[in-house]
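The following explanation leads through one protein structure, from the overall arrangement of the chain to individual residues. Please keep the sequence and the coordinates at hand while reading.

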Amino acid sequence: MKLNRNKLRKVLLQEMMAMSGGNKPQPGTPEYDYTAQIIQQVVMSCIQRGMCDPMQVNMMCKEMCADYGCPQFASYCAQRVTTMCLQMGL
């Protein structure tokens, strides 16, 4: 298989996105709904505690995503929760 510059760029970009948690659920899939529920529940938990601990957020997202059957989106959920908490000043 020949690898030209565009193919190499695309492969590298996909790998970088996967490594940085760029794996996002697609709208209209069950995983999209699951991740929305997980994000909402973890954000509510942070609000109730009055703080956002990134390590705890990561652990909660990892556990909940495993329970919902979408462990590949744990990093995505944790990033979204952390961003939302920062925007709210938590």
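The structure is a predicted model. The protein chain contains four helices and zero strands, and its pattern along the sequence is α-α-α-α. Of its 90 residues, 26% count as buried. Among contacts between residues at least 6 apart in sequence, 64% join residues at least 24 apart.

The mean pLDDT of the protein chain is 83, and 79% of the residues score at least 70. Among the elements of the chain, helix α1 (residues 5-19) has the lowest mean pLDDT, 61, whereas α3 has the highest, 93. Where pLDDT is low, the predicted coordinates should not be read in detail.

The helix pairs come next. Two packed helices are described by the angle between their axes and the distance between the axes. For α2 and α3, the axes come within 10 Å and cross at roughly 145°, and the crossing is right-handed. On the α2 side, the contact is made by Tyr34, Gln37, Ile38, Gln41, Val42, Ser45, Cys46 and Arg49, and on the α3 side by Gln56, Val57, Met60, Cys61, Met64, Cys65 and Tyr68. Sorted by class, this contact between α2 and α3 comprises ten nonpolar, four polar and one charged residues.

Helix α3 (residues 54-68) also packs against helix α4 (residues 74-88): their axes come within 8 Å and cross at roughly 140°. The two helices α3 and α4 are therefore oblique to each other, and their crossing is right-handed. Here Val57, Asn58, Cys61, Lys62 and Cys65 of α3 meet Ala74, Cys77, Ala78, Val81 and Thr82 of α4. The classes represented in the contact of α3 with α4 are seven nonpolar, two polar and one charged residues.

How are the axes of α2 and α4 placed, and at what angle do they cross? They come within 9 Å and cross at roughly 40°. That angle makes α2 oblique to α4. The crossing of α2 and α4 is right-handed. Residues Thr35, Ile38, Ile39, Val42, Val43, Cys46 and Ile47 of α2 and Tyr76, Cys77, Arg80, Val81, Met84, Cys85 and Met88 of α4 form the contact. In terms of class, the contact of α2 with α4 has twelve nonpolar, one polar and one charged residues.

Two residues may now be examined individually. Is threonine 35 buried or exposed? Threonine 35 is located in helix α2 (residues 30-49), and its relative accessibility is 2%, so threonine 35 counts as buried. Apart from neighbours within four places in sequence, threonine 35 is in contact with Pro25, Cys70, Phe73, Tyr76 and Cys77.

Glutamine 56 and cysteine 46 are ten residues apart in sequence, and their C-alpha atoms lie 9.5 Å apart in space. Both Gln56 and Cys46 are listed in the contact of α2 and α3, Cys46 on the α2 side and Gln56 on the α3 side.

Terms used: Residues are numbered from 1 along each chain as its sequence is written. This is a predicted model: local features need pLDDT of at least 70, side-chain atom pairs count only at pLDDT 80 or more; totals for chains, interfaces and linings use all residues. Side-chain values use heavy atoms; hydrogens and water are left out. Axes are lines fitted to C-alpha atoms, for helices over the stretch in contact, and angles run from 0 to 180 degrees between N-to-C directions. Angles under 35 degrees count as roughly parallel, over 145 as roughly antiparallel, 65 to 115 as roughly perpendicular and the rest as oblique. A crossing is left-handed if the near helix is turned anticlockwise from the far one by less than a right angle, and right-handed if clockwise. Contact means heavy atoms within 4.5 Å. Ala, Val, Leu, Ile, Met, Phe, Trp, Tyr, Cys and Pro count as nonpolar, Asp, Glu, Lys and Arg as charged, and the others, Gly among them, as polar. pLDDT is the predictor's confidence in each residue, from 0 to 100. Buried means under 20% relative accessible area, exposed over 50%, partly exposed in between (1.4 Å probe, protein chains only).
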